[in-house]
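Here is my note on the charged pairs and backbone angles of this entry. Please read it with the model open.

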Amino acid sequence: IHDGNCKRTCGVDAHVNNMTVAKIKALSAHYAEKFGDQYADMHVTIPTLEELLILRKAKRPDLWLGVEIKEYTEECVDKTVALLKQYGVFDMCFFYAFDANIIKYLYTQYDARTMGYPDFQMRNYQPDSYSYYKELGLDLKYVRSEIFPIYQAKKLPIHMYCADNAEAVKLCIEMGADLITANDPVPLMTALGRM
């Protein structure tokens with residue numbers, strides 16, 4: 001689940017950290033705000049990471065995964081990495097976090113493919129934090145802004161995200177994105193000739 005709190009996607013004002021797996025699985029992740037009633041009666045559940053890895057192995061073993069660490073503890077990283085390695089997918093993952101200590105831990109302990117964010121977005125940012133980034137993640141609002149050249153000058157591959165329409169995809173390509181993430185993949189896949 002993207003959010004820590006289940007309100008937006010499931011309509012239940014509760015944090016996943018305070019729930020058992022059984023309670024989380026009982027939620028219906030139909031995201032009415034975005035999809036209306038389209039999925040309301042389908043009881044779309046929140047998958048565990050292991051369920052996602054099983055599905056990936058069965059359906060799309062070539063699929064790369066973006067793994068965002070949202071619980072900023074080394075224990076969370078260790079458990080996540082162990083599961084990814086168990087399923088043989090660790091080397092096909094990008095690791096994101098808005099916490100510089102977690103990025104550093106992933107980089108130094110696991111040589112993971114890390115992506116950090118601009119310094120002003122990072123918790124626990126230190127002067128050497130960028131040295132632990134293998135890629136830099138930039139929201140398109142920063143790509144469109146006057147601060148973009150500052151981050152281009154860091155000479156890191158730039159991972160632009162929220163390219164959810166044809167105009168945004170075009171901007172990413174024009175601005176030289178090394179990687180592009182989209183919540184709606186259709187405009188991106190169309191622009192890349194994969195639709």
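1. Basis. This is a predicted model, in which local features need pLDDT of at least 70, side-chain atom pairs count only at pLDDT 80 or more, and totals for chains, interfaces and linings use all residues. Residues are numbered from 1 along each chain as its sequence is written, and side-chain values use heavy atoms, with hydrogens and water left out.

2. Salt bridges overall. The whole structure holds 9 salt bridges (a side-chain nitrogen of Lys or Arg within 4 Å of a carboxyl oxygen of Asp or Glu). Side chains of opposite charge can pair when their charged atoms come close. Three of these pairs follow.

3. Aspartate 3 and arginine 8. Their side chains form a salt bridge, with an N to O distance of 2.6 Å. Aspartate 3 is buried at 16% relative accessible area. Arginine 8 is partly exposed at 32%. The cut-offs: buried is under 20% relative accessible area, exposed is over 50%, and partly exposed lies in between (1.4 Å probe, protein chains only).

4. Aspartate 111 and lysine 134. This is a salt bridge too, with the closest N and O atoms 2.7 Å apart. Aspartate 111 sits in the loop between α6 (100-110) and β3 (114-116), and lysine 134 in the loop between β3 and β4 (135-139), so the pair ties together parts 23 residues apart in sequence. Helices (H or I, at least four residues) and strands (E, at least two) are DSSP runs, numbered from the N terminus. Aspartate 111 is exposed, at 53% relative accessibility. Lysine 134 is partly exposed, at 28%.

5. Glutamate 135 and arginine 113. What is the N to O distance in this salt bridge? The value is 2.5 Å. The pair links distant parts of the chain, 22 residues apart: glutamate 135 belongs to strand β4, and arginine 113 to the loop between α6 and β3. Glutamate 135 is buried, at 3% relative accessibility. Arginine 113 is partly exposed, with a relative accessible area of 29%.

6. Histidine 43. Please check the backbone here. Phi is near 45°, a positive value in a residue other than glycine. Histidine 43 lies in the loop between α3 (32-35) and α4 (49-59). The residue is partly exposed, at 40% relative accessible area.

7. Aspartate 111 again. Phi of aspartate 111 is near 50°, also positive in a residue other than glycine. This residue, in the loop between α6 and β3, is a partner of lysine 134 in the salt bridge of point 4.
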